[in-house]
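Hi everyone, thanks for having me. I'd like to walk you through one protein model today, looking at its pockets and then at its nonpolar cores.

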Amino acid sequence: MDQTKRPTIKDVAAEANVSVATVNRVLSGSGAVRQGTRERVRLAAEQIGFYGMGALRSRIAAARPRYRFGFLLHQPSRAFYRNIAEALRAAVPTMPDCEIELRTVFLDDLSPQNVASRMLALGAECDAVGVVAAVHPLVTQAVDTLNARNVPVFALISQISATGHVRYIGLDNWKVGRTAAWVFEHVCRAPGKLGILVGNHRYRCQEMNESGFRSYFREHAPGFTLLEPLLTFESSAIAQEMTEKLLNENPDLSGLYVAGGGITGAIAALRSTGRAGSLVVVGYELMESTRPALLDGTLTFIISHPLARIAQEALAGMIRAVSAPNEGGNFTNILPFEIYTRENI
């Protein structure tokens with residue numbers, strides 16, 4: 001091309017290997033051009049220095065589909081949920097060929113009534129909703145109401161339906177529980193008593209964690225004594241109290257499995273009672289609070305969610321569900337979990 005001449009629409013078409021009519025449709029903002037073709041035209045125009053780049057970029061941006069996705073998460077005081085929100089924000093610009101507005105709501109009140117109410121409110125403003133919630137009839141009713149309004153619902157971290165009719169993105173928690181049990185069998189010097197902390201049995205992920213945990217010992221290590229789980233109600237303070245109770249009532253405790261919320265409280269109790277490092281402890285999520293505990297031996301083993309991957313899969317699944325609502329399928333995505341010891345962080 002003669003570099004002294006200003007590139008024309010015809011030159012853009014030749015560079016992009018499309019017709020002049022296609023370039024004109026892109027420039028006019030016509031919806032009759034595939035997004036991939038629009039991007040090819042944009043790249044070709046940039047390559048040759050097309051004079052109308054400003055108008056071209058604005059037309060392409062205006063033609064991109066726009067979505068508003070809402071996420072309902074637990075208390076903002078908990079690092080795990082702040083990390084989920086951050087992972088979602090980081091994933092938004094990686095989604096191709098669309099514009100996403102993210103609405104993230106943190107809940108202090110985790111009662112089923114409040115969760116269901118906030119789900120419906122978020123669904124009235126968003127194209128799809130993601131939620132971390134316990135299984136409860138009110139939550140199920142809210143899911144059904146949103147689905148009837150063509151607002152897809154995605155369960156993150158914990159399934160809210162045993163049948164799979166609610167889209168789920170998270171771990172195979174049966175495997176998570178059995179993996180935790182494997183650690184105790186292979187790290188404990190001898191079979192002994194194991195304490196279990198559970199946040200709330202209505203969180204299906206925690207119920208499956210405990211079920212998988214117990215099934216492993218029935219199958220492979222019946223010499224261990226598994227104590228009845230103590231509830232933390234997802235509270236660090238209660239987890240600390242329950243851990244202290246376990247240690248006081250069971251001075252011969254060999255290990256502790258923190259199968260639900262409250263890991264920071266359990267860590268605090270182990271340290272304050274002088275028991276840190278004296279028993280095998282398995283918990284969840286590599287965070288600012290758990291990393292030092294893993295390094296100093298308070299925690300033995302951490303099982304963690306791949307948050308960046310969960311965020312990307314959640315957004316991609318929502319885009320598919322909203323853009324192709326008649327395709328069917330539940331978009332459930334079981335992801336591999338991460339494993340940490342103090343030797344690999």
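This is a predicted model: local features need pLDDT of at least 70, side-chain atom pairs count only at pLDDT 80 or more; totals for chains, interfaces and linings use all residues.

## Pockets and cores

Now for the largest pocket, which has a volume of about 540 Å³. It has 32 lining residues, and R78, F80, G260, G261 and G262 are the ones nearest the centre. Which elements give two or more residues to that lining? They are α5 (79–91), α8 (173–187), α9 (204–220) and α11 (263–272). Sorted by class, we get 14 nonpolar, 15 polar and three charged residues.

In soluble globular proteins, nonpolar side chains tend to be buried together. Here, the largest nonpolar core has 51 residues, and F69, F71, I84, I100, L197, L256 and L299 touch the most other members. Several elements each supply at least two residues of this core, including β1 (66–73), β4 (153–156), α10 (236–249) and β9 (253–258). And which one gives the largest share? That's α13, with eight residues.

Let's zoom in on L299. Leaving out residues up to four places away in sequence, L299 touches I263, I267, V281, T290, A293 and L294. There's also another core lying apart from the largest one; that one has 23 residues, among them L194, Y257, V280 and F301.

That's my tour, so over to you for questions!

Methods: Residues are numbered from 1 along each chain as its sequence is written. Side-chain values use heavy atoms; hydrogens and water are left out. On a 1 Å grid over the protein atoms alone, a cavity is a set of points where a 1.4 Å probe fits but cannot get out, and a pocket is an open set with protein on both sides within 12 Å along at least five of seven lines; lining residues have an atom within 4 Å of a point. Grid points are joined across faces, edges and corners, and a volume is the space filled by probe spheres set on the points. Helices (H or I, at least four residues) and strands (E, at least two) are DSSP runs, numbered from the N terminus. Ala, Val, Leu, Ile, Met, Phe, Trp, Tyr, Cys and Pro count as nonpolar, Asp, Glu, Lys and Arg as charged, and the others, Gly among them, as polar. A nonpolar core is a set of buried Ala, Val, Leu, Ile, Met, Phe, Trp, Tyr and Cys residues joined through side-chain atoms within 4.5 Å. Buried means under 20% relative accessible area, exposed over 50%, partly exposed in between (1.4 Å probe, protein chains only). Contact means heavy atoms within 4.5 Å.
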